[in-house]
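Welcome! Please take a look at the sequence and the structure below, and then we can walk through some of its features together.

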Amino acid sequence: MIIVTGATGALNGATLDHLLLARPASELVVVARDTAKAARFAEQGVEIRQGDYSDPASLPAAFEGADQLLLVSSSDPQADAVQLHRSAIEAAVLAGVGRILYTSHQGAAADTPFGPGRDHFATEQLLAESGVAWTSLRNGFYAHSLAWFLGDWRETGVISVPADGPVSWTAREDAAEAAARILLSEGAYDGPTTVTAPAAPTFTDVASIAAEVAGRPVETRVLGENAWIAAQVASGQPEFMAHFLLGMYQAAAGGYFAGTDPLLGELLGRAPRSVRDLLETSAAQH
């Protein structure tokens, strides 16, 4: 039995769609905070259980019977993500789960400037100490968020950043499919497992690709941290969120997102989606 948390979201929902192509619904279970949001899976015969990381008592029964448990990471930047993950891991131990697969992030490290990367690293330490077999899916930075990071470059011809560095922008759809393939491998991947696109362009590189796609000049301007924060706040971004996002750029400049791995393409049996693919798709929609 494979139990999937976070299936009402885009990432693990897509993973479950892939699992349903390979396994009968009777071998799959969804755990959701709001079970009504999992209705589309219930209609396909998947058992739906209620469980919430912030309600630890709800979790052991929700995870009961799992040979493998796909544990989505908390996405709330203001939550104590590590404590939420600790509750889920402790419940998995109580439930006798065979293997935990956790949606981590490339660049997970104790010293990364990117807050979620520190949370992911701390969670991986909890997994290592749990006594349960585990796989940490260190996914590349999700490429759909690049549209936000690039801002209104189509109108201005400028990509403004506080610092520049390489990022292995990885399509969330590809990461979701890879997670399904890893789950179906029955434990072939153990511990930290890097799942990234094969290239890690800098924002300057992305500007060059954007210029080719748009057919006009696009440049990257490195504003510096203080000027960038001020511009974000002036545009209406809450200051705490601007500082949270700044950590991503600092981590990129520090090389935390620079690594790439051929595993994703091997799992998919095709070339993963690239930044050019993303920008060309976006251009077609404009």
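## Aromatic pairs

Let us begin with the rings. This is a predicted model, and it holds twelve aromatic pairs. One of them joins Phe141 and Phe149: the ring centres are 5.8 Å apart and the planes stand at 75°, so this pair is edge-to-face. The cut-off behind that label is an angle over 60 degrees. Are these two residues buried or exposed? Phe141 counts as buried because its relative accessibility is 8%, and Phe149 is buried too, with a relative accessible area of 7%.

Another pair is made by Phe203 and Tyr249. Here the centres lie 5.4 Å apart and the planes are at 35°, so the pair is tilted. Phe203 sits in helix H9 (residues 203-214) and Tyr249 in helix H11, so to speak a link between distant parts of the chain, 46 residues apart. Both Phe203 and Tyr249 are buried.

Ring pairs also build a cluster. Its members are Phe114, Phe141, Trp148, Phe149, Trp169, Phe203, Trp228, Phe244, Tyr249 and Phe257.

After H10 comes Gly236, which has a positive phi, near 105°.

## How H10 meets H11

How do H10 and H11 pack? Their axes are 10 Å apart, and the angle is about 140°. The two helices are therefore oblique to each other, and their crossing is right-handed.

From H10 come Glu225, Trp228, Ile229, Gln232 and Val233. On the H11 side they meet Glu239, Ala242, His243, Leu245, Leu246, Tyr249 and Gln250.

Our last stop is helix H4, made of residues 81-95, where Ala91 lies. Ala91 is buried, as its relative accessible area is 4%. Which residues does Ala91 contact, leaving aside its neighbours within four places in sequence? They are Leu59, Pro60 and Phe63. Ala91 can also be placed relative to Ala32: the two are 59 residues apart in sequence, and their C-alpha atoms are 15 Å apart in space.

His85 is found in helix H4 as well. With a relative accessible area of 2%, His85 is buried; the cut-off for that word is under 20%. Not counting residues up to four places away in sequence, His85 touches Tyr53, Ser73, Ser74, Tyr102 and Thr123.

How values were computed. Residues numbered from 1 in each chain as written. Predicted model: local features only at pLDDT ≥ 70, side-chain atom pairs only at ≥ 80, totals over all residues. Heavy atoms only, no water. Helix = DSSP H or I, 4+ residues; strand = E, 2+ residues; numbered from the N terminus. Phe/Tyr/Trp six-rings, centres within 6.5 Å; stacked < 30°, edge-to-face > 60°. Buried < 20%, exposed > 50% of the residue type's maximum accessible area, 1.4 Å probe, protein only. Axes fitted to C-alpha atoms, helices over the stretch in contact; angles between N-to-C directions. Parallel < 35°, antiparallel > 145°, perpendicular 65-115°, else oblique. Left-handed = near helix turned anticlockwise from the far one by under 90°. Contact = heavy atoms within 4.5 Å.
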